[in-house]
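Subject: Handover of the two-chain model

Dear colleague,

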Amino acid sequence: MRTLPLKPPTDEVDWPMILAVLGLMTIGTLFIASTTLAREGAETLPWHRQEHYKQLIWYALGAGLGVAVCCLGHSPIARWSMVCYWVSILLLVTVLIPGIGTQHGWEARRWIDLGPFQFQPSEVAKLTFLLMMAHYLSRPAAELRQPMTFVKALGMSLLPCALILKEPDLGSALVFVPMGLAMMFVAGVPGRFLWRLIGGAGLIIVLLLADILFAPSEWQLKLEPYQRRRQKRNPCSA
Amino acid sequence: MLFFDQFRKGGERLQTLAIGITLGLLLLLAGLWHIQIVSAKRYRASLETQTYRTVRIPAIRGKLLDRDGRVLAENRPSYNLNLYLEELRPQFQEAFTKARAGRRLTRAERAQLAVEVRWLVASNTIDRISRFLGEASTITDRDFRLHHHQWPYRPLAVRENLSPAQIARFMENAPNLPGLDIEVQPLRHYPCGSMAGHLLGYLTRDDMARDDDEGGFSYSLPSYEGAVGLEYLFDDELRGKPGTKSVVVNSLCYREGEMIWLTASPGHNAVLALDLPMQQAAFEALRSLGPGTRGALVVMDTTNGDVLAMVSSPAYDPNEFVSPLSHERWAVLNDPRLRPMFNRTTQGAYNPGSIFKIITALAALEHGLDPHAQIQVQPDPRRPGRGAIFLGRRKIDDTVPPGDYDFKRAFMHSSNSYFVQVGLQTGRDRLLAMGQQFLLGRHFGLGTRQEVSGYFPSPQDVLGIWTEGNLANACIGQEITVTPLQMAVMTAAVANGGKLLRPRLVHRLERAEPGPEGAVAKAFPPRLLGELKVHARSLATVREAMLADTEEPGGTGFAAFQQKNPLTGQITPRIPGFRVAGKTGTAQVKKGATVIDHITWFVAFGPYDNARYAVVVMVESGDSGGRTCAPVACRVFQALKQRFEPAPATAPRLVSRK
């Protein structure tokens, strides 16, 4: 499927990116430390139970994984990306089954319990979706111009989005479509497809917002109170 | 540059995307700037209100003193045991970790567990201290949870008013009892207990924040406010100015520190007209009739209106109200028959009965009654040897035998027929006008929340309503009601030649810490309410008749004030050298036509030649004025003589035996 030559691997280190990541890591740890240390009884916990230390452990694990992925190169990742995507879709379906997905005292069923820790399939889905989309869009410009390619790409963006909405987790769900569209845009999907889609979607969003904010209450869509508050305070953040 | 280089990489579309994302990030940055810099002041202000709790410190309440500075109400240190919740926090955390035992819990479960664990730790601590103090704790789960929810920064009062033994036991074990400490708070104390309970009144506790006062207090330390009596009347002056302190709290509302902004300034002391030894004598005199006596006693200085003693029985002990009262105790204090909460001296309106004949007599004498004229008392055909008066078909019984009576004889024997006849001759308007001169039917405006005016109509009020029968009843004190204090003012006016004096309860308010302005903050001089428009001769005639009541054989008060030597048969006064003039009264309480109860009275003044003291005794359900009340008054006059007669300059002479 891949026809364009990819950038050859180099020994060059992408310093800006590494610095940016390190900076984010530092700030993140400090934030966690400053908010959790004031909590009642925080100082009596052993160090490995304190949140900012936990975060450092995750950093180490993540960095190790990152190095491993770099060593692996991107061709195996590209090959397996489609499989990973469908597996994560499967997980997104699984989490909706009451016996498997847990609610954690909240309304939404988002977690899969694995004993010592839980994970949210939607987080995994974000990553696998990204890889799959990159792989799928890496094709000649002529193919990208075909409407069918666009429709498939859009479909694969909407599928996780719909599943996550079912959990429900509006925030995570809304990530997929803009992500997919941005990738399609950069990859070279014709602008007219994208603009039409954005125009149509924009119109629907405006209508929905108008319904939520201004319609008589019996015609309004049901939103959680916190979501409604977010709408009122800052409609652009939706 | 590193930053802009990124925009030159990749194709045109990638650059567009990069710019789009950068713009989005700039928007976030602008939002951050708005929150952190533009709205900073607002957030800082709300932070301040979250970290400070303003607490009101009640001032030390002023004392109540008798006329010579003897203490009637003061403040005693109360040692209270407080639980400081912030010091229990490590224990809360430890117990929580143990109770959780590494289980996975939802947020709601965690919160529930935390609440349970806190109560467990606190109740264990309280339980341990209760064992040391030898007293069961009274704090419930609900109280604790409420306290922790509302005021986690405020110490929880575990026990108030510890005994010295309990303090010692606590101090011994204090190191093993974290979170507990003793705090000293002033507590109202009435050293003479129920002796002057009604006059002093009592305090009610007010634990809640008082936002209406100076506003903005998160909570007030327990403060008290006068409910009734002098504690109520001078509440503002006694209370002083509360201070303010700030408690610094952390994000969980636990206490971190304290700062006192304004120290409390103590309230004024009130110096009463009351004389404590006299009050005690009066209290004991009235109690000599029995513990369940329902009665009132007032001793008043006839020269200036000073209330030297004021007793209502049964009495309550104001100390009881300082700590919360049990329901049982409350029920006892509100017994519908005994009514210990009721100040009978000013709150009780009773038929005066025959003591009202003083006013009937004055009205008749002013109208031209000749005190020497003989008026006939008709015999009662049903009761041989007793008189009666017939008004149409109605008969009013008399206690005296039939015959001719002049004024003095009728007065000292308290003849109903005589006074009904002269009263009817005098007429309704003149009689009622005379009563109004004595300020009957009006209250004195004492401001103690314990005063009623009694029922005494003006002539217009009863125009066309009162029949001759009603007027006849009024002549002998049946149709109208008065308070014992009103009768004291009446007696004093008869004794002092017609001056109506306002009953003076308090001499002055004094500053707790005398400044350059001197000690007296406010003085209450004696006040004349009016003067009787009667001839001195009429008053003298009444006074003579009152003297005859206690000194001449046959007078209704004779037996109480004179004693007969059983061996020699010689009659001597019970109070040598102190002549008392008085009038008895026995009013009937009727239900329909039957008499169900008696209100007995004795009003008197003395010494006769130089009147100084007026004494009023009223007893509900007494036997008769002469038998029930006059002996009580005699005891009071004995005490008055002992207390105020100038002591002999030398030691008493030994009486040589012949």
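Predicted model: local features only at pLDDT ≥ 70, side-chain atom pairs only at ≥ 80, totals over all residues.

Residues are numbered from 1 along each chain as its sequence is written, and chains are lettered from A and ligands numbered from 1 in the order in which they are written.

Chain B as a whole

Chain B holds 22 helices and 26 strands, these being DSSP runs numbered from the N terminus (helices H or I, at least four residues; strands E, at least two). Of its 658 residues, 39% count as buried, where buried is taken as 20 or more other C-beta atoms within 10 Å of the residue's own, exposed as 12 or fewer, and partly exposed as in between, with C-beta atoms placed from the backbone. Among contacts in chain B between residues at least 6 apart in sequence, 73% join residues at least 24 apart; a contact here is a pair of residues whose C-beta atoms, placed from the backbone, lie within 7 Å.

The five-stranded sheet

In chain B, 5 strands make an open sheet with antiparallel pairing, in the order E13-E12-E26-E25-E24. Strands E13 (307–313) and E24 (581–591) of chain B each have a single partner strand and stand at the edges, so one side of each is left without a neighbour in the sheet. Neighbouring strands of this sheet are turned by 10° against each other on average, direction ignored, with axes fitted as lines to C-alpha atoms (for helices over the stretch in contact) and angles running from 0 to 180 degrees between N-to-C directions.

E24(B) pairs with strand E25 (residues 594–606) of chain B in the antiparallel sense over 11 bridges, and two strands are said to pair if DSSP finds at least two bridges between them. Along this pair, B:Gly585 stands opposite B:Trp601, and B:Gly582 has B:Ala604 as its bridge partner. The hairpin of E24(B) and E25(B) has 2 residues between the strands, and B:Gly592 takes a positive phi near 70° there.

Helices across the sheet

Helix H11 (residues 276–287) of chain B lies across strands E12 (295–301) and E13 of chain B, and runs at about 30° to E13(B). Helix H19 (residues 484–495) of chain B lies across E12, E25 and E26 (613–620) of chain B, and runs at about 145° to E26(B). H19(B) is mostly covered, with 12 of its 12 residues buried, including B:Leu485, B:Met490 and B:Val494. After H19(B) comes B:Gly497, whose phi is positive, near 90°.

Chain A and one lysine

In chain A, 3 strands form an open antiparallel sheet in the order E1-E2-E3. Strand E2 (residues 111–114) of chain A is joined to E3(A) by 3 bridges, and A:Leu114 has A:Phe117 as its bridge partner in E3(A).

Finally, B:Lys98 lies in helix H4 (residues 89–100) of chain B and is exposed, with 9 other C-beta atoms within 10 Å. B:Lys98 and B:Val117 are 19 residues apart in sequence and 9.7 Å apart in space, C-alpha to C-alpha.

With best wishes

Notes:
Contact = placed C-beta atoms within 7 Å.
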